[in-house]
Amino acid sequence: MRTLAPGSLVVSCQAGPENPIHGPAAMALMAQAAEAGGAGAIRANGPDDIAAIRAVTDLPIVGLHKLGDPAGVFITPTYESAAGVVAAGADLVALDATLRPRPDGQRLDQQIARIHDELGVPVMADVDSLDAGLAAQDAGADFVATTLSGYTDGRTPTGPDIDLVRQLAARLACPIVAEGRIRTPDDIRAVCDAGAYAVVVGTAITNPMEITARLVGALPVR
Ligand SMILES: CC(=O)N[C@H](C=O)[C@@H](O)[C@H](O)[C@H](O)COP(=O)(O)O
């Protein structure tokens, strides 16, 4: 069974419908490019993208399915959505493990137990706080990731949440994955120094629209 190796860079290959590279063909190419560059795993959204990526790489795939209202629990919010990403070829399931109410009324521990028992894959709990990380570990999560820090309280900082990585690594026994707004080698070193087991980078690698806009924004105004 493929899983997440310590010290690996996980490249998140995701593009929303507003992005010209949206769709399985482009995401599969992104995943191949990431593998050629040394990625240890791929993170991908939705059964179609996951199936296309599975067809071109043997790297572990952290699968998720964004469904419903992005203002609430929307990363793999239900057991059924987890089953869909595993059927498409994901080796791990990432899901929202914030303390917010879940859309199907299930508890996090129930969803994780069902994924373990019926799908037989590990779970990466995407959290936004130390309390959510502690609860996710108690609920049976195999990995805890800082994915949702800065996205649940109305103010998104520009850089990664290194403090949350440090707090989670100090308090939890399970491996901590640093994720969210990691853009530079210095960011990678900082989250690893803070205790990250693995690091996820998305936008800075797989979103040329955003990368272009950031660099254009640095041009002098004429
Ligand atoms: C908040 C949310 O929905 N995060 C998503 C989780 O899968 C993705 O949109 C991010 O691209 C991913 O977490 C990687 O982060 P960044 O793109 O900042 O490197």
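This is a predicted model: local features need pLDDT of at least 70, side-chain atom pairs count only at pLDDT 80 or more; totals for chains, interfaces and linings use all residues.
**Figure 1. Packing of helix H1 against helix H2.** Helix H1 spans residues 24-36 and helix H2 spans residues 47-54. Their axes come within 8 Å of each other and cross at roughly 45 degrees. H1 and H2 are therefore oblique to each other. The crossing of these two helices, H1 and H2, is right-handed. On the H1 side, the contact is made by Pro24, Ala25, Met27, Ala28 and Ala31, while H2 provides Asp48, Asp49, Ala52 and Ile53. Of the residues in the contact of H1 with H2, seven are nonpolar and two are charged, with no polar residues.

Figure 2. Leaving aside residues up to four places away in sequence, Met30 touches Cys13 and Thr206. Leu64 lies 34 residues from Met30 in sequence, and the C-alpha atoms of Met30 and Leu64 are 17 Å apart in space.

**Figure 3. Packing of helix H5 against helix H6.** Two packed helices are described by the angle between their axes and the distance between the axes. For helix H5 (residues 130-138) and helix H6 (residues 162-171), the angle is about 35 degrees and the axes are 10 Å apart. H5 and H6 cross in a right-handed sense. From H5, the residues Leu130, Gly133 and Leu134 meet Leu164, Gln167, Leu168 and Arg171 of H6. By class, the contact of H5 with H6 consists of four nonpolar residues, two polar residues and one charged residue.

Methods. Residues are numbered from 1 along each chain as its sequence is written. Axes are lines fitted to C-alpha atoms, for helices over the stretch in contact, and angles run from 0 to 180 degrees between N-to-C directions. Helices (H or I, at least four residues) and strands (E, at least two) are DSSP runs, numbered from the N terminus. A crossing is left-handed if the near helix is turned anticlockwise from the far one by less than a right angle, and right-handed if clockwise. Two residues are in contact if their C-beta atoms, placed from the backbone, lie within 7 Å. Ala, Val, Leu, Ile, Met, Phe, Trp, Tyr, Cys and Pro count as nonpolar, Asp, Glu, Lys and Arg as charged, and the others, Gly among them, as polar. Angles under 35 degrees count as roughly parallel, over 145 as roughly antiparallel, 65 to 115 as roughly perpendicular and the rest as oblique.
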